[in-house]
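Hello,

Here is the structure I promised to pass on to you. Have a look at it first, and then read on for what turned up in it.

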Amino acid sequence: MAEQRTIVITGASDGIGAAAARQLTERGDDVVLVGRSPDKTKRLAEELGRPYHLADFVEFDQVRALARELLDAYPRIDVLANNAGGIFSQQTTADGFDQTLQINHLSPFLLTSLLLERLIASNAAVIQTSSAMAKGGRIDVDELGTLRKRSATGAYSDTKLANILFTNELHRRYHEQGLSAAAFHPGAVSSNFGSTGSALVRFSYRLPVMKLFLVSAEQGGARLSFLAGGTPGETWQSGGYYEKSRPAGPVNRQAADPELARALWDRTAELVSAP
């Protein structure tokens with residue numbers, strides 16, 4: 001059996017996060033569950049016999065509290081899987097941001113930043129759940145913190161592109177210090193994804209024809225488990241983007257822009273007041 005590792009999975013109470021948690025626990029890893037729903041997260045934790053923490057990424061204060069809990073509880077964090085996210089209706093959070101932007105990009109960035117010293121000391125891997133929908137994304141750093149008029153799916157695509165750029169820059173800045181990073185597309189997963197989106201998004205996911213294109217939560221979770229349970233430099237390469245557990249080319253021209261990745265990092269750090 002491979003070496004046992006402490007793997008923190010956000011968005012672990014449902015969908016691919018829960019599926020990956022089951023797969024990695026069965027593999028023998030020490031999986032730490034992070035979820036938004038108290039009932040779902042506790043139920044899964046009891047099923048797997050694993051510890052859990054609660055945090056809603058719609059509030060930065062909850063993300064900061066989560067980071068403190070993780071640092072207090074785990075002397076090593078070998079993998080941080082930033083999996084929490086989704087497509088949400090256009091609303092403003094208490095912190096003043098579009099909630100899709102905050103939950104999918106700003107809060108995972110903040111959590112990673114707050115855990116960074118522990119992650120580097122652990123030679124950890126940071127896994128980002130992105131999406132092939134990043135193909136339709138567009139990042140303008142100057143308007144990142146503004147509430148520009150954008151459809152829910154457009155905002156989602158933007159944040160999934162941001163996930164890839166964040167991964168690229170995390171690799172550039174910290175790989176020489178032992179940190180590894182990868183982003184991946186789990187597939188269009190048959191789960192609760194989209195249930196918090198617009199009426200059009202919810203309707204689209206309920207169409208019978210969608211069953212032809214959707215993968216199961218277990219299949220999507222296996223793509224997370226492939227990275228979280230793998231070995232950087234051997235089973236996967238740091239700084240890469242993966243689809244179907246294989247390296248994939250840039251899904252968007254902006255995804256391969258190193259200057260944009262640097263600028264996005266710096267601007268995001270300002271917005272979330274990251275250390």
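**The sheet and what surrounds it**

An open sheet is formed by 8 strands, in the order E3-E2-E1-E4-E5-E6-E9-E10, with mixed pairing. At the edges stand strand E3 (52–54) and strand E10 (246–247); each has a single partner strand, so one side of each is left without a neighbour in the sheet. Please keep in mind that this is a predicted model.

In general, the strands of a sheet pair through backbone hydrogen bonds, either parallel or antiparallel.

Helix H1 (residues 15–27) lies across strand E1 (6–10), strand E2 (30–35), E5 and E6, and runs at about 165° to E1. H4 lies across E1, strand E4 (79–82) and E5, and its angle to E4 is about 165°.

**Two helices that pack together**

How do H4 and H9 run relative to each other? Helix H4 (residues 99–114) packs against helix H9 (residues 258–272) at an angle of about 85°, and their axes are 10 Å apart. Angles of 65 to 115 degrees count as roughly perpendicular, and H4 and H9 are therefore roughly perpendicular to each other. From H4, the contact uses His-105, Leu-106, Phe-109 and Leu-110, while H9 brings Leu-264, Trp-265, Thr-268, Ala-269, Leu-271 and Val-272. By type, the residues of this contact divide into 8 nonpolar, 2 polar and no charged.

**Two serines in loops**

Ser-122 sits in the loop between helix H5 (116–121) and strand E5 (125–129). Because its relative accessibility is 3%, Ser-122 counts as buried. A polar atom of its side chain lies 2.8 Å from the backbone oxygen of Arg-118. Leaving aside residues up to four places away in sequence, Ser-122 touches Pro-75, Arg-76, Ile-77 and Asp-78. Gly-178 is 56 residues apart from Ser-122 along the chain, yet their C-alpha atoms are separated by 8.2 Å.

Ser-238 is found in the loop between helix H8 (217–228) and strand E9 (240–243). Is Ser-238 buried or exposed? With 14% relative accessibility, Ser-238 counts as buried. Its side chain makes a polar contact of 3.5 Å with the side chain of His-175, and also reaches the backbone nitrogen of Ala-181 at 3.0 Å. Not counting residues up to four places away in sequence, Ser-238 touches His-171, His-175, Leu-179, Ser-180 and Ala-181.

Best wishes

How values were computed. Residues numbered from 1 in each chain as written. Predicted model: local features only at pLDDT ≥ 70, side-chain atom pairs only at ≥ 80, totals over all residues. Heavy atoms only, no water. Axes fitted to C-alpha atoms, helices over the stretch in contact; angles between N-to-C directions. Helix = DSSP H or I, 4+ residues; strand = E, 2+ residues; numbered from the N terminus. Parallel < 35°, antiparallel > 145°, perpendicular 65-115°, else oblique. Contact = heavy atoms within 4.5 Å. Nonpolar A, V, L, I, M, F, W, Y, C, P; charged D, E, K, R; others polar. Buried < 20%, exposed > 50% of the residue type's maximum accessible area, 1.4 Å probe, protein only. Polar contact = N/O pair within 3.5 Å; in protein donor to acceptor, adjacent residues only side chain to side chain. Pairing = 2+ DSSP bridges.
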